[in-house]
Amino acid sequence: MITVALQTQTRTETLVRVEHLRKLFPLRTGVFARARSFIHAVDDVSFEIKRGEIFGLIGESGCGKTTTGSLLVRLLDPTSGHIYMRVPSHPETNSQEEQYVDIATLEGRALKEFRRNVQMIFQDPYESLNPRMTVFDIVAEPLGIHGIGNVYEREERVAELLSLVGLTPPESFLFRYPHELSGGQRQRVAIARAMILNPSFIVADEPTSMLDVSIRTGVMNLMLDLREEFGISYLYITHDLAVARYMCDRIAVMYLGKIVELGPTEEVIQNPLHPYTRALISAVPIPDPAVERQPIEIKGGVSKPIDPPPRCRFYDRCPIATERCAQSDHPPLEDKGRGHFVACYEI
Amino acid sequence: MTKRYPVLHVENLTMHYLTRKGEVKAVENVSFSLDKGEALGLVGESGCGKTSVALTLLRLLPENARFLGGHVYFFRDSTDEAHARRAVGKPVKILLDGQEHQGRLLEATRSHLVLDASANGRREQLRLNRQDVARLGVDLTALSDEEMRPIRWKGISMIFQAAMNSLNPVYKVGDQIIEALQTHLPISVPEARERVAELFQLVGLDRQLMDRYPHEYSGGMKQRAVIAMALACEPDMIIADEPTTALDVIVQDKILREMRQIQKKLNMSMIYISHDIAVIAEVADKVGVMYGGGLVEFGPSDAIFKNPIHPYTKALMSAFPSIKGEKVKLAALPGEPPDLIKPPSGCRFHPRCPFATEICEREVPEFREHKPSQYAACWNPLSKGDR
């Protein structure tokens, strides 16, 4: 475990630093069979998230964005790589002192302590809440797990959180069950549960994609407000580029386990460089019939990254691939200025 | 007068579901029309009744549904013999020289259509020359189940939500379409195979894929196969319920563009049902916005997106982020969609409407034309200045 003591806090400091993260899933042909091949779900991914930043992971289904999110909260153990995160050195005291911890290797008590700082919001609020628990039980559960407060303090804190996420008056929600709530209200309960331990980092996996438009906006604005108020950082996972543009400060576009492009959201969306990002952005429908889009065609469909050959993951579909792309490894992310990184030999 | 070529007139459609909790007022007084070659986008949030409208007009309702009123006129050329025979004794609409006649069809001979057009106590019988009559519309709600069957697939076919999961996993995809073809058309197996090959080509699938099983298809390929199946009997109209919702954006874009091309090529009418107004903006010529079981606004797509009349339409649009244009803070709509067992009185949108006045709570607004061919049900319509 690598620890570095830190004293100061600034707005631009790095909260999470992911280095060469990999996760391979073995494909077995039978229960006792040896794995012969692997799905390279996350393959050598590196990025940083600043304090108070909303960092978006964008991509189509199967690109590895959810796996990355699960690795960052250690719901999955990485195959290799490091995830450094700033956590309080002494969580029991109110000391401001912080240290970087490589959470990829945490175990036992240290892992539990780390989990106080990191929470997750899932896509489906109909499945992520226990139907047999009341709203109070759901939101207070993290307090119980970490042994914080007595019953009265917990009730007070839960009520405070429910008001914060817009479930007012909180008394009318405390003892209701999830089935009595609408989708938007349920997702607010999930957000309250995620917020109750004052985390510094939240992984939000498609938190609004199950919600209706008129409800979705309220939940998105709530998450933005919470960032403003508490300086929380989010890893925001979504397939919807319009949502990403609304929510995220910076985005990374993933394709078959690799980040192919990374940069400030507006810069990437208005000026995409990677051929995959270009095709992806050109395919997003615009809610205005007066706008004519010029879609960029790419051939083929998304496959699975099963033992991918050692070359650019996008090679088979790429309209600008050359001999060099066929001969070389997957290209590294290269800085093109203004914090805009692209993994492509031809750009 | 410009020549109108209607395919569908829906008038005051009302349908409720009986449930243990009470009566769900799922479709209330919905009226719209669709011409040949036009694409209509029905947009609204979950539970607003958009799928129920489709099921009602195709008469595919579950047992607990109660059809409570309204007419669905489905038009075809008056020279279509089977269509005219089916219409005898039924309420019909007849389009002749740009004029619309309504009544009960008494007789359809080779040369004439005899129409009982009695109305308001006045008895009137019309004898119309069949060659002059352009379109004959029969009220689908008056047909028996037996008479309705040929309308489905050949008249109107439907692509159901998550239809790609509706392919039978133990039959080859091609065989499933052949079966559908043989059920509806007198066609031999080799002919049907040839037709399926044509259809596969039309929707961008390799013909070799005919002899593969659904699990060998990707999501996009399955959706294409389902579209091919809907096109199989050359329907006048297709209803596509969330045809691309489960697909990734690049595949969605390709399929929507292909559907649009096929629609133009075959001069077919389409109803797209979607919650995504960006998708509707791309494919639809006309837009119908639904809220709480009712159609709140209907009209040409350009007009509705530029100058919506109903506050809900506007709210829906300003809640939608885009990757184009200036980045603005999205306005969240307060409250929740209505419970259709106990819907709000008056206008169903009034509890969430920023412009609601006292009358909105009391009386249901009439669905009427506010601007040329732009209809809305609202007491306080938005003027141009509000946007």
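Colleague: Which residues does B:Leu205 touch, not counting residues up to four places away in sequence?

Modeller: B:Leu205 touches B:Phe200, B:Tyr217, B:Met221, B:Arg224 and B:Ala225, with residues up to four places away in sequence left out. Contact here means heavy atoms within 4.5 Å.

First, the ground rules. This is a predicted model, where local features need pLDDT of at least 70, side-chain atom pairs count only at pLDDT 80 or more, and totals for chains, interfaces and linings use all residues. Residues are numbered from 1 along each chain as its sequence is written, chains are lettered from A and ligands numbered from 1 in the order in which they are written, and side-chain values use heavy atoms, without hydrogens and water.

Back to the residue. B:Leu205 lies in the loop between α6 (189-202) and α7 (219-231) of chain B. Helices (H or I, at least four residues) and strands (E, at least two) are DSSP runs, numbered from the N terminus. B:Leu205 is buried, at a relative accessible area of 6%. Buried means under 20% relative accessible area, exposed over 50%, and partly exposed in between (1.4 Å probe, protein chains only). One of its contacts is B:Ala225. B:Leu205 and B:Ala225 sit 20 residues apart in sequence, yet 7.8 Å apart in space, C-alpha to C-alpha.

Elsewhere in chain B, helix α11 (residues 311-318) is mostly covered. Of its 8 residues, 6 are buried. They are B:Pro311, B:Tyr312, B:Thr313, B:Ala315, B:Leu316 and B:Met317. In chain B, the buried residues of α11(B) pack against β3 (39-43), α9 (277-283), β13 (286-291), β14 (294-300) and α10 (301-306). They also pack against α7 (213-230) of chain A.

Now chain A. Its secondary structure comes to 11 helices and 13 strands. Its radius of gyration is 21 Å, close to the 20 Å that the globule rule gives for 347 residues, so chain A is as compact as a globular protein of that length. That radius is taken over C-alpha atoms, and the rule is 2.2 Å times the number of residues to the power 0.38. Buried residues make up 56% of the 347 in chain A. Of the contacts in chain A between residues at least 6 apart in sequence, 65% join residues at least 24 apart.

Chain A is divided into domain 1 (1-28 + 36-117 + 203-284 + 294-347) and domain 2 (123-198). The bounds come from an automatic or database domain assignment. The centres of the two domains of chain A are 28 Å apart, taken over C-alpha atoms. In chain A, 17 residues of domain 1 are in contact with 15 residues of domain 2.
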